[in-house]
Amino acid sequence: MAYQIRIKRQSAPDTKSYWQEFSYDGSADASVAAVLNELNGRMPLTDAFGNPAKPISWECGCMVRKCGACAMRINGVPRLACSVFLNTLKGTTVTLEPLSKFPLVKDLVVDRSILFENMKKIELWLKSDAYLAEYTHEARYQSARCLMCGCCLEVCPNFSAEGSFAGAIAPVNVYRILNEEQDHSHREELSAKYKAAFFDGCGKSLSCQDICPAHIPVEELTVRSNAAAIWRR
Amino acid sequence: MKKKIVIIGAGLAGLSAALQTSENGNKVVLVSAYPSERAQSVMAEGGINAALNTKGEDDSPEQHYADTIHAACGLADENAVWNLTHAAPELVRWLHRIGVQFNTSGIDEPDLRNFGGQKKKRTAFAQSDTGKQIMTALIDAAREQEENGAVKRLSHHDFVTLLMEDAACCGCVVRDRYSGERLTLSADAVIIATGGMHGLFGDTTGSLFNTGTVTAELFRLGVPMANLEMIQYHPTTVPIGGKRMLISEAARGEGGRLFAMRDGKPWYFMEEKYPELGNLMPRDITAREIWTVRQQSEVFLDMTGLAPDVYEKKLSGLAEDCRVYLGEDIRKEPISVSPGIHYFMGGIRVDAQHRTGVQNLYAAGECCALYHGANRLGGNSLLGALYGGRVAAQTACAEAESASKRAVSIQPSNAVLPCEPQDKAELNRILLHALGVVRSGDTMQDALTQIAGMHGSLPLLGQAVLKSALARNESRGAHWRSDYPQRNDAEFHKTTAAYYDGQTVHISWDAVPERR
């Protein structure tokens, strides 16, 4: 199958972006990640019109949805390149852009540092030994699966890298700590920080539902975190 | 006075070292090219071994030790393995206390599953993504240390080279991947925790972030390596998009069966040949049997007999991965599998306290050679990384002291490109071909000639792997020579040491440390 791969490129944060198109002729069940690796393996790489092109900067680690590195906008939707396959997309033109909510580093690479800083701000750690209740095991397990890829933040109308709103990764990750923490004062502090960093800023648009590439039940964990931190249940 | 320890790599070994260092009251600079969430450790699936003896099978750390030593075919450091296996139960209980979501049985005990090369149930697990679940809890613990200032992270920074004063390490140079800026970090000790040399081969189950370039640079600088020829092929992998996807050993631990078609009927060759452990023989043996059968016909892994609640509660990610990446429903159809490179038993040479050959330089995790000898047991890699990181940090905290406290003003001018971009794919292809499940002297000699003209530290490390494999004229563990199919203890019950003097790669033999 022949595909056109359109990539939004930018060599540095302070330069202008431009679009570059590449031709890919190969298996339709290839993932976008496999296509990008194939393009970067070409020596020399040329665009669809035969002009020389620089290797495409992007982040790719595990290729199997476990590391969250390869998050990007694929035909406008934030997804992991390793788990989007050409034959599942409409048409034969594939548009790749960097996530737009984070500072651009180069091409498809963005700086997601804010995401980790936000987790520090809400004190996402245990002070006590974990209290592990059997009936919350599945929810805590799901909470710990978060890839920190940023897809849920990319679609969120309330999140920006400059603002103080931490987005859906806060309730997803806070849940396990709220549930396990036995240190009362840390639990109180965590609840207050969670309220400020998430609850007060969430517009309840629920745009984060069904976007998680790891299929974490974001809405369920949000309900649970709100219940624990805000409604004290 | 507080010591400053620089740790390179923020996967399981690096995080473990960071937590131990801060627990000892010292300061950590945790350098990594990517955040911990991206580390290869999150890809570990099946579990972590510890003789918790909660299954009424009369298990013990001594048996865990014996199984590990037996699988390692005589090349593991017995003292180190003794310490590792005896520390394991408390380490796993600690993981449980800090909130790792292990599958449990009974009221509050981590459940245990069967794993390769071990007769007793000894592998604690969290579904089929144990590595990810352990990493989340360690990242949470490290986050508190970041906030209180004990751990400073330099994420998106590459290791460039070591700073040396006389013969001792006194820090390193790192480079910001975003800005390109170089930073000189002086330190009392540097701990390397950068994972396996997957980038030498490309087509492995490992992360593409594990380029092997840190090990290559250290080798170029003269840091000795050990047992480089010992490369683990995981028996059950499948090709996806230019690399390989792992089908966890847990699939067989929970009842999956290997077979090939013979005379129109399934032939369960592992069960026939190895009645006791069957599909759960150690990985070197299973991989070789699959390789041999595959010379005639495809080999399949049959997981159709597993109960629905095993898929739901113990292997939930596996069926989904196979559906997404292979388009197959493993609950209904067997899948075709083949061996693929998965783990490096060899690497930076360390002693039982995780000291490298260079003063103030330590190594832990997959990048170092210590616990696994010629073949690693499934479930021992997470354990080795976790325990090794702690021991490396303890040793570093206890004894490391920078050679001098003078301001370091060394300008490393000679940092080389690890590999010319146009050579990388060729290097991978040549090494994969020459260092397969079964190897021969001729093929490896050819490979050595072919890569001789390539520049950079990565081809140099490739040379060292080939020369190590060529020097070991016998078959042992993961190293199988068609031209020397016998194990030869008289000549080769020894550690293969590789060293570069700036001109030539030297291979020599050292005695395996004796049990004290």
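Predicted model: local features only at pLDDT ≥ 70, side-chain atom pairs only at ≥ 80, totals over all residues.
Chain A comprises seven helices and seven strands, and its elements follow one another from the N terminus in the order β-β-α-β-β-β-β-β-α-α-α-α-α-α. The C-alpha trace of this chain extends over about 65 × 35 × 30 Å along its principal axes. Of its 233 residues, 49% count as buried. When the contacts within chain A between residues at least 6 apart in sequence are considered, 68% of them are found to join residues at least 24 apart.

Apart from neighbours within four places in sequence, A:Pro55 is in contact with A:Asn40 and A:Leu45. The C-alpha atom of A:Pro55 is separated by 37 Å from that of A:Lys121, a residue 66 places away along the chain.

A positive phi in a residue other than glycine occurs in each of the two chains, at A:Asn75 and at B:Asn227. For A:Asn75 the angle is about 50 degrees, and the residue belongs to the loop between E3 and strand E4 (77–80) of chain A. For B:Asn227 phi is near 45 degrees, and this residue is placed in the loop between strand E13 (225–226) and strand E14 (231–240) of chain B.

Chain B contains an open sheet of five strands, arranged in the order E8-E2-E1-E12-E22 and paired in parallel. The edges are formed by strand E8 (151–154) and strand E22 (361–363) of chain B, each of which has a single partner strand, so that one side of each remains without a neighbour in the sheet. On average, and with direction ignored, neighbouring strands of this sheet are turned by 20 degrees against each other. Within the sheet, strand E1 (residues 4–8) and strand E12 (residues 189–192) of chain B are paired in the parallel sense through four bridges, and B:Ile5 is positioned opposite B:Ala189 of E12(B). In E8(B), B:Val151 and B:Arg153 make up a covered face, while B:Lys152 and B:Leu154 make up an uncovered one.

Among the helices of chain B, H1 (residues 12–23) and H4 (residues 130–147) have axes that come within 10 Å and cross at roughly 35 degrees, in a left-handed crossing. On the side of H1(B), the residues that meet H4(B) are B:Leu12, B:Leu15, B:Ser16, B:Ala18, B:Leu19 and B:Ser22, and their counterparts in H4(B) are B:Ile134, B:Met135, B:Leu138, B:Ile139, B:Ala141, B:Ala142 and B:Gln145. By class, this contact is made up of 10 nonpolar and three polar residues, with no charged residues. Helix H14 (residues 457–471) of chain B has 15 residues and spans 21 Å from its first C-alpha to its last, close to the 21 Å expected at 1.5 Å a residue. Because 13 of the 15 residues of H14(B) are buried, this helix is largely enclosed by the rest of the structure.

Between the chains, 35 residues of chain B are in contact with 37 residues of chain A. The elements that contribute two or more residues to the chain B side are H4, strand E15 (243–246), helix H10 (316–326) and helix H12 (421–434) of chain B. The largest share, nine residues, is supplied by H4(B), the helix whose axis also crosses that of H1(B). By class, the side of chain B that touches chain A has 15 nonpolar, eight polar and 12 charged residues.

Conventions
Residues numbered from 1 in each chain as written. Chains lettered and ligands numbered in written order. Axes fitted to C-alpha atoms, helices over the stretch in contact; angles between N-to-C directions. Left-handed = near helix turned anticlockwise from the far one by under 90°. Contact = placed C-beta atoms within 7 Å. Nonpolar A, V, L, I, M, F, W, Y, C, P; charged D, E, K, R; others polar. Pairing = 2+ DSSP bridges. Expected span 1.5 Å × (residues − 1). Buried ≥ 20, exposed ≤ 12 C-beta atoms within 10 Å, placed from the backbone.
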